[in-house]
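Here are some notes from a first pass, written for someone who is new to this one. Have a look at the model, then read on.

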Amino acid sequence: MAWEIWITNEAKKDFHKIEGSIRKQILAGIVKVSKAPMPSPKGYGKPLGNKKGNNLTAKLYDKYGDDIFKDIFGKF
């Protein structure tokens, strides 16, 4: 199952400024992660981690629950 990807207009403008071969690599990475966005071992995404003593991953899940990615991304 892949997730739907929404790109902001600002990101589209920035993307078109990037050299062509790099754009291909970026698109390949986006498609790869969209198929399995959760952190390993089931996916390619990376947890937010601990920044300056704040466990951002735990805070995100505490606030939004297990369906956080379903709320952010739709089905592809």
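Which residues line the second largest pocket?

1. **Ground rules.** Bear in mind that this is a predicted model, where local features need pLDDT of at least 70, side-chain atom pairs count only at pLDDT 80 or more, and totals for chains, interfaces and linings use all residues. Numbering starts from 1 along each chain as its sequence is written, and side-chain values use heavy atoms, with hydrogens and water left out.

2. **The pocket.** The residues lining the second largest pocket are Ile5, Ile7, Lys12, Phe15, His16, Ile26, Leu27 and Ile30. A pocket here is an open set of points on a 1 Å grid over the protein atoms alone, where a 1.4 Å probe fits, with protein on both sides within 12 Å along at least five of seven lines; lining residues have an atom within 4 Å of a point. Its space comes to about 160 Å³, the volume being what is filled by probe spheres set on the points, which are joined across faces, edges and corners. Helix H1 (9-16) and H2 each give at least two residues to this lining.

3. **The overall layout.** The chain has four helices and two strands, in the order α-α-β-β-α-α from the N terminus. Both kinds of element are DSSP runs numbered from the N terminus: helices are H or I with at least four residues, strands are E with at least two. Of the 76 residues, 14% count as buried. The cut-offs are under 20% relative accessible area for buried, over 50% for exposed and in between for partly exposed (1.4 Å probe, protein chains only).

4. **A nonpolar patch.** Ile7, Leu27 and Ile30 make a nonpolar surface patch of about 230 Å². Patch members have over 30% relative accessible area and no salt bridge; nonpolar side chains (Val, Leu, Ile, Met, Phe, Trp, Tyr) are joined within 5 Å, like charges within 9 Å. The areas come from the Shrake-Rupley method with a 1.4 Å probe, and for residues only the protein chains shown count as cover. Ile30 sits in helix H2 (residues 20-35) and is partly exposed, at 31% relative accessible area.

5. **The salt bridge.** How many salt bridges does the structure hold? There is one, and it pairs the side chains of Asp14 and Lys17 at 3.9 Å, N to O. The rule asks for a side-chain nitrogen of Lys or Arg within 4 Å of a carboxyl oxygen of Asp or Glu. Asp14 is partly exposed at 40% relative accessibility, while Lys17 is exposed at 69%.

6. **Ser34.** Is Ser34 buried or exposed? Ser34, in helix H2, is buried, with a relative accessible area of 7%. The side chain of Ser34 reaches the backbone oxygen of Val31 at 2.7 Å. That is a polar contact (N or O atoms within 3.5 Å; within protein, one able to donate a hydrogen and the other to accept it, and residues adjacent in sequence count only if both atoms are side-chain atoms).

7. **Contacts across the sequence.** Some other residues of H2 are worth a glance. Lys35 of helix H2 is exposed at 54%, and its C-alpha atom is 6.2 Å from that of Trp3, 32 residues apart along the chain. Val33 is partly exposed at 31%; the C-alpha atoms of Val33 and Gly43, ten residues apart, are separated by 7.3 Å. Lys32 is partly exposed at 44%, with 7.5 Å between the C-alpha atoms of Lys32 and Tyr44, twelve residues apart in sequence.
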